[in-house]
Amino acid sequence: MNPQCFSSAEKLIPSTYVQQAIGAKRSRENQIRILIEQRKWPDEGWDEATIESFLYDLANMDSNNFPSACGVGAREARFACELVARRNYRMGHGIGRSGDIGEVQPKAAGSSLLTKLTNALLLDVIRFMGVKNSAGCFMVPLATGMSLVLCMLTIKQERPGAKFVLWSRVDQKSCFKSILTCGLQPIIVEPVPNGDELRTDIHGIEAQINTLGSSNIVCVLSTTSCYAPRSCDSLEHIAAICARHDVPHVVNNAFGLQSARLMHLITEAARKGRIDAFVQSTDKNLLVPVGGSVISGFDKALLERISRNYAGRASAGPIMDIFITLLWLGSNGYRKMIMERKEMFKYLREEIGKVAAKHGEHLLETRNNPLSVAMTLTSLTAGGDSKRAAMLHTMLFMRDVSGAAIVTGCDHREIGPYTFDTWGTHNTSSQNPYISTACGVGMKKEDVDLFCFRLDLAINKLKNKPVNSLSPPTIDEMLPPDQLSRTNESGDQEASANLNIITNKRISD
């Protein structure tokens with residue numbers, strides 16, 4: 001309501017109450033004003049009422065929500081379902097224009113303002129996490145793989161004779177497929193063993209550049225965040241090589257934004273050499289639904305060219321999710337989550353180490369990977385048979401553990417015309433089977449405890465029974481003893497019955 005409305009309200013209810021309401025409204029308006037003026041991530045998170053109020057104000061700036069709107073045309077942000085309209089705060093125009101995702105859209109002033117503010121907040125996040133010399137960033141409603149495609153295709157346009165991408169191998173399908181989607185030819189440079197860890201083959205990368213010729217190479221594609229025993233690529237060395245040979249360098253930083261250590265490596269690599277763009281996922285780092293990524297770099301002109309290469313308009317949904325989340329958290333809220341993740345990583349490593357020691361396994365030493373932990377599974381591969389190790393994945397999944405990777409070294413994977421006979425190992429060297437998992441932002445102590453409890457029981461079951469005689473999990477295998485005792489004390493027999501129904505259905509499926 002405007003001042004005249006409040007003045008009229010004082011004729012109906014006591015003015016004291018009206019003045020209180022005016023004060024609350026002004027407080028929210030000041031938060032919004034400061035955000036628009038300064039375009040800075042607030043330290044303290046906003047309450048939901050303030051965020052929703054702002055979103056409704058932004059929606060009312062879009063033409064489809066004008067009281068006098070005349071919706072003639074093919075794309076006028078009409079909604080068939082009221083539920084969809086409410087879910088999107090009646091913002092239906094998306095972002096950008098047909099020729100440039102970064103352009104302001106005449107029909108959608110509110111959505112365009114939302115986009116500008118979100119990108120400003122994301123730049124604050126990147127700088128907050130350590131890359132203070134980033135020239136800018138922008139969000140696209142694409143997951144990491146397709147965002148890497150956008151980056152490489154833009155660079156390819158500026159190097160028309162180039163067709164190769166030097167790929168420091170990391171066994172993640174989307175990363176490799178992004179090269180093939182561009183119509184480019186991957187040159188696979190496998191990491192080399194160093195103790196338990198797999199590290200970048202720096203000499204192999206430079207040798208390939210010398211062999212192929214720098215003008216024939218679109219870029220080097222490196223990776224920061226990955227599953228152990230592979231470590232983060234040696235970004236400083238790669239960046240120095242790329243600068244020396246005038247070869248672009250793109251970094252897959254999929255879930256590395258949550259690690260200050262990995263972001264510091266990006267900063268140092270850009271300072272000492274060359275990084276053209278680095279890409280990070282929004283869902284893994286900022287806890288929103290899958291469907292977005294942030295492209296950043298150190299050359300503002302290149303970032304603008306990448307942005308303009310996005311064909312057509314884009315969905316505003318992923319951007320709205322990020323906008324809401326960043327305002328709700330504030331920088332202090334995110335800092336707390338980052339610190340908790342760091343502590344959880346230490347705890348995860350300690351607890352998996354206990355499981356490894358109990359079963360005579362080895363916790364892999366991977367000090368250059370601050371996000372992931374791995375342990376061997378040699379006790380499940382007696383006589384060279386990997387069936388038990390492979391079965392562990394199924395057993396854990398049946399027990400609602402979906403974030404662990406079981407690598408047997410025998411998995412066969414075809415991606416386009418390329419065949420990987422040791423998929424998951426990141427290289428072709430012979431090695432023992434292992435289990436690997438990551439500690440992502442938002443993980444809690446109870447998640448670690450439950451994972452290690454179920455992992456221990458699953459390994460025990462596999463070691464003591466024939467693979468073909470394994471049965472669905474019982475309630476005893478799903479809940480740690482302390483939780484199980486509470487369940488039994490409360491007499492919750494229905495939970496046990498439902499669990500058996502679910503697991504039996506999984507087996508039959």
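Mentor: Two strands pair if DSSP finds at least two bridges between them. The model is predicted: local features need pLDDT of at least 70, side-chain atom pairs count only at pLDDT 80 or more, and totals for chains, interfaces and linings use all residues. Residues are numbered from 1 along each chain as its sequence is written, and side-chain values use heavy atoms, leaving out hydrogens and water.

Trainee: Over how many bridges do strand 2 and strand 3 pair?

Mentor: Strands (E, at least two residues) and helices (H or I, at least four) are DSSP runs, numbered from the N terminus. Strand 2 covers residues 164-168. Within this region, Ser168 faces Val189 of strand 3. Strands 2 and 3 run parallel, and their bridges number 5.

Trainee: Is Leu12 buried or exposed?

Mentor: Leu12 sits in the loop between helix 1 (3-9) and helix 2 (15-38). Buried means under 20% relative accessible area, exposed over 50%, partly exposed in between (1.4 Å probe, protein chains only). Leu12 has 75%, so the label is exposed.

Trainee: Which side chain does His359 join in a polar contact of 2.7 Å?

Mentor: His359 lies in the loop between helix 13 (317-358) and strand 10 (372-376). Its relative accessibility is 6%, so His359 counts as buried. A polar contact is a pair of N or O atoms within 3.5 Å; within protein, one must be able to donate a hydrogen and the other to accept it, and residues adjacent in sequence count only if both atoms are side-chain atoms. At 2.7 Å, the partner of His359 is Asp456.
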